[in-house]
Each structure stands twice: as C-alpha cells, then as structure tokens.
Amino acid sequence: MDTYSQPHSPDLLLALPARAYYQLIHSLTAVLPPPVNDTQEALLARNDAAIDAVAAMLPTNANEAGFAAQCVAARAQADDVLRLLRKHEGDINVVMRLNAQYVAMMRASQGAHGHLLRARAVRHKRE
C-alpha cells in the first residue's frame, strides 16, 4: 500500500499544492524514529499518526506545514528517547545522556510549535 497516494487530511491537501504536500509527507516520514515493531503495519500506523498530527495543527501554507512537521518529528524523537529511558533505567550514565536528549527534543518540539503559532499570528495580522 502506498501511503502517499491518498491524502490523509482534506484540509491539509486543500491548503498546500500537491508537490509541497508530497514533499512534506516524504520528509516527515523519513526523519521519524523507526516503529517499535518492525512490521509494515506498524510503519504505516506511525506514518498515519504523524501525518494526522501535522494536519491537526491546521497549517495553511508550506511554511506553517514545515513548522508543524518539525514539531511532530521532534516530539516523536522525544517519545522514542522516553522508550529508551525505560529500557535502560538501570544504567545511570545512559539515563543521564538520554534524559538530556529528551529535554533537547522536547524543547525543539516546543520551539517549532512556537514558530508555527507566531507564523500563524503574522499571517492573521496580514489578512
């Protein structure tokens, strides 16, 4: 099944040109951490959830969609680091390193979300 052949959100598709939509999905799914289960179904579920999360942020142009995708990707990386934290909870050195990575990824996610909100505010002001 080709996850790029059918849009996941009509709102996102209507707001972005087809090429920008395709590039956004391709870039987003390429940077997500691998699913815990190494199956095609898990990969498709991961991709669908990420695309739906971007669409839920209601980007209306390529700039806003890029910020939304950065936010979702960073949050997914942070979630993956949390999974690794639980897996290595007995090794304090690994836990400290992973905790620092988690904090950095959450800040990156929050920063991208902040950029999205500011870009949206500027757009609304212009309109």
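Predicted model: local features only at pLDDT ≥ 70, side-chain atom pairs only at ≥ 80, totals over all residues.
View 1. Helix H4 spans residues 62-87. Its 26 residues reach 37 Å from the first C-alpha to the last, close to the 38 Å expected at 1.5 Å a residue.

**View 2. The packing of helix H3 against helix H4.** Helix H3, formed by residues 40-56, packs on H4 at an angle of about 135°, and the two axes are 9 Å apart. The crossing of H3 with H4 is right-handed. H3 contributes Ala50, Ala53 and Val54 to the contact, while H4 contributes Ala65, Ala68, Ala69 and Val72. By class, seven of these residues are nonpolar, and none is polar or charged.

**View 3. The packing of helix H2 against helix H4.** Helix H2, formed by residues 18-31, packs on H4 at an angle of about 15°, with the axes 9 Å apart. Angles under 35 degrees count as roughly parallel, and H2 and H4 are therefore roughly parallel to each other. H2 and H4 meet in a right-handed crossing. On the H2 side the contact is made by Leu24, Leu28 and Val31, and on the H4 side by Ala65, Gly66, Ala69, Val72, Ala73 and Gln77. The contact of H2 with H4 comprises seven nonpolar and two polar residues, with no charged residue.

Notes:
Residues numbered from 1 in each chain as written. Heavy atoms only, no water. Axes fitted to C-alpha atoms, helices over the stretch in contact; angles between N-to-C directions. Helix = DSSP H or I, 4+ residues; strand = E, 2+ residues; numbered from the N terminus. Left-handed = near helix turned anticlockwise from the far one by under 90°. Contact = heavy atoms within 4.5 Å. Nonpolar A, V, L, I, M, F, W, Y, C, P; charged D, E, K, R; others polar. Expected span 1.5 Å × (residues − 1). Parallel < 35°, antiparallel > 145°, perpendicular 65-115°, else oblique.
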